[in-house]
Amino acid sequence: MSTVNAAPLNIGVLSPLAGGFYFGGVLGGIAATVRAAGGRVLAIQTLEAGREHADDMAALLFDSTIGAAQVDGYISLLNGVEPARLDAIRTAGKPIVMVSNEVPGLPCPIVTPDNRTGTIAAVRHLVRHGHTRIAFAGFLNQPDMLERLAAYHDAIRECGIEPDPALVFDTGDTLRSGGERAAARLLALPELPTATMAATDFNAIGLISALSAAGLALPRDHAVIGFDDTEAADYTTPALSSVRQDFHRVGNHAAQL
């Protein structure tokens, strides 16, 4: 008796970028999981070549017919693809898994980092050090950052502190430049808060740089905690405490789904 083996799965990954600690980490987790199952990954970068970050991008019109016959299902990262195209993929019978994004009306699994647990732990850490006026700085145009903001509010209330809307700053991006903008707004306040929960390490690094340049002694005058535990966080002065996330595991779980 002969047996027929099922063809290995081909997974298309729709990602704004194909490198960096976040996109590269998620892609690495997807690739390792699919490879272990005998499948193949087709990584499709939906931004033009040469881009270094995806913060100011709009959802893109990916032509879902290109290579469709070679792909059994898709994983879509952030808002790298226009929702109508995702709906077309789903309508064509191809399964989709979303990473760190939700499209209303699109029924599919969604995978995100554990934004809540890490943020709450970071805020509790600051409160244990005596901080009661704690700001939040993050790019409020991404689902992960909004989850971190919601967790920050919950943690503040849990510690008996009423959140102050004046201490929440939209950085406009996840980068160092956004942290520098948040620092300028912090310094303009009548009373400087004593700590900031930054939604990303690069926002935190921008904060540290700008506040130090303004003459503050960190962390004595102002404490900063980041999120993501990037390699860049290892080289700040003073040292940056950060919430560690394993983006490789995010990709691993998305591929398993």
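Among contacts in the protein chain between residues at least 6 apart in sequence, 65% join residues at least 24 apart. The model is a predicted one, and its protein chain contains seven helices and ten strands. Along the principal axes, the C-alpha atoms occupy a box of roughly 75 × 35 × 35 Å, and buried residues account for 47% of the 257 residues in the chain. The mean pLDDT of the protein chain is 90, with 92% of its residues reaching 70 or more. Residues 1–5, however, have a pLDDT below 50, and beyond near neighbours in sequence this stretch makes zero contacts in the model. Where pLDDT is low, predicted coordinates should not be read in detail.

The largest nonpolar core comprises 40 residues, of which Tyr 152, Met 197 and Leu 207 touch the most other members. At least two residues of this core are supplied by each of the helices α3 (115–128), α4 (143–158), α5 (176–187) and α6, and likewise by each of the strands β6 (134–138), β7 (168–170), β8 (195–198) and β9 (223–228). The greatest contribution to this core comes from α4, which gives six residues. Leu 207, when residues up to four places away in sequence are not counted, touches Ala 137, Gly 179, Glu 180, Ala 182, Ala 183, Leu 186, Thr 196, Ala 198 and Val 224.

The side chain of Asn 203 is in polar contact with the side chain of Thr 171, at 3.2 Å. Between Asn 203 and Phe 139, the separation is 64 residues in sequence and 8.8 Å in space, C-alpha to C-alpha.

Five aromatic pairs are present in the structure. One of these, formed by Phe 21 and Phe 202, is tilted, with 5.9 Å from centre to centre and 40 degrees between the planes. This pair connects distant parts of the chain, since Phe 21 belongs to helix α1 (residues 21–36) and Phe 202 to helix α6 (residues 201–213), 181 residues apart. Phe 21 is partly exposed, with a relative accessible area of 39%, and Phe 202 likewise counts as partly exposed, at 28% relative accessibility. The pair of Tyr 22 and Phe 247 is edge-to-face, because the ring centres lie 5.1 Å apart and the planes stand at 85 degrees. Distant parts of the chain are again linked, with Tyr 22 in helix α1 and Phe 247 in helix α7 (residues 247–256), 225 residues apart. Tyr 22 counts as buried at 11% relative accessibility, as does Phe 247 at 6%. Through ring pairs, Phe 21, Tyr 22, Phe 23, Phe 202 and Phe 247 are joined into a cluster. Another arrangement involving an aromatic ring is found at Phe 227, where the charged end of Arg 148 sits over the ring, 3.7 Å from its centre.

How values were computed. Residues are numbered from 1 along each chain as its sequence is written. This is a predicted model: local features need pLDDT of at least 70, side-chain atom pairs count only at pLDDT 80 or more; totals for chains, interfaces and linings use all residues. Side-chain values use heavy atoms; hydrogens and water are left out. Rings of Phe, Tyr and Trp (its six-membered ring) pair if their centres lie within 6.5 Å; planes under 30 degrees apart count as stacked, over 60 as edge-to-face and the rest as tilted. Helices (H or I, at least four residues) and strands (E, at least two) are DSSP runs, numbered from the N terminus. Buried means under 20% relative accessible area, exposed over 50%, partly exposed in between (1.4 Å probe, protein chains only). A charge sits over a ring if NZ of Lys or CZ of Arg is within 6 Å of the ring centre and within 35 degrees of the ring normal. pLDDT is the predictor's confidence in each residue, from 0 to 100. Contact means heavy atoms within 4.5 Å. A polar contact is a pair of N or O atoms within 3.5 Å; within protein, one must be able to donate a hydrogen and the other to accept it, and residues adjacent in sequence count only if both atoms are side-chain atoms. A nonpolar core is a set of buried Ala, Val, Leu, Ile, Met, Phe, Trp, Tyr and Cys residues joined through side-chain atoms within 4.5 Å.
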